[in-house]
Structure formats: structure tokens, C-alpha cells
Amino acid sequence: LNMPILFIHAENDYICYTIEGELAKPMRGSCTQLTEKVVQSGHWMAQEKPTELNKALTEWFFSLPS
């Protein structure tokens, strides 16, 4: 994929651990403009840390070239 892509990891997600595990390897190899961020939450990131998640989304969105 050759477009900007954001993937947000949940630091304490033990259901779907992607920070150091094998799950994210294909994404890292296939996305040329990948940005990864980490939010300190469990699996239900939007419910557990909505402010932090929205901050990560907003910062990434406004960092994109016009």
C-alpha cells in the first residue's frame, strides 16, 4: 500500500499483541508510508483511552502533507 497508513497499538492488549509480535510483520512489509503509535490501553482502546486515541489520530492526521 502506497498511501499514508496509521496503525495504533494497544500497549496492554494481550488478546492481539502487535508491538513486538508476528502479527504486524506483514503490515510493516507491505505499507510504504506506515506510521505506528502506541496507546497505553488494553484491547478496547476506544473505550479505555478515548482521549489518548483521539490525540494519536489527530496528530497523525495533521502531520500528513496537504
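These legends describe close-up views of salt bridges and an aromatic pair in a predicted model.

Residues are numbered from 1 along each chain as its sequence is written. Local features need pLDDT of at least 70 and side-chain atom pairs count only at pLDDT 80 or more, while totals for chains, interfaces and linings use all residues; side-chain values use heavy atoms, with hydrogens and water left out.

**View 1. Phe-61 and Phe-62 form an edge-to-face pair.**
One aromatic pair turns up in a search of the whole structure. The ring centres of Phe-61 and Phe-62 lie 5.3 Å apart, and their planes meet at 85°, so the pair is edge-to-face. Rings of Phe, Tyr and Trp (its six-membered ring) pair if their centres lie within 6.5 Å; planes under 30 degrees apart count as stacked, over 60 as edge-to-face and the rest as tilted. Phe-61 and Phe-62 are exposed. Exposed means over 50% relative accessible area, buried under 20%, and partly exposed in between (1.4 Å probe, protein chains only).

**View 2. Lys-25 meets Glu-22 in a salt bridge.**
Side chains of opposite charge can pair when their charged atoms come close. A salt bridge needs a side-chain nitrogen of Lys or Arg within 4 Å of a carboxyl oxygen of Asp or Glu. The count by this rule is four. Between Lys-25 and Glu-22, the N to O distance is 3.3 Å. Lys-25 is partly exposed, at 49% relative accessible area. Glu-22 is exposed, at 58%.

**View 3. A salt bridge joins Glu-59 to Lys-37.**
The N to O distance here is 3.7 Å. This pair links distant parts of the chain, 22 residues apart: Glu-59 sits in helix H3 (residues 50-63) and Lys-37 in strand E2 (residues 33-39). Helices (H or I, at least four residues) and strands (E, at least two) are DSSP runs, numbered from the N terminus.

Lys-55 is exposed, with 52% relative accessible area. Which residues do shared partners join into one network? They are Lys-37, Lys-55 and Glu-59.
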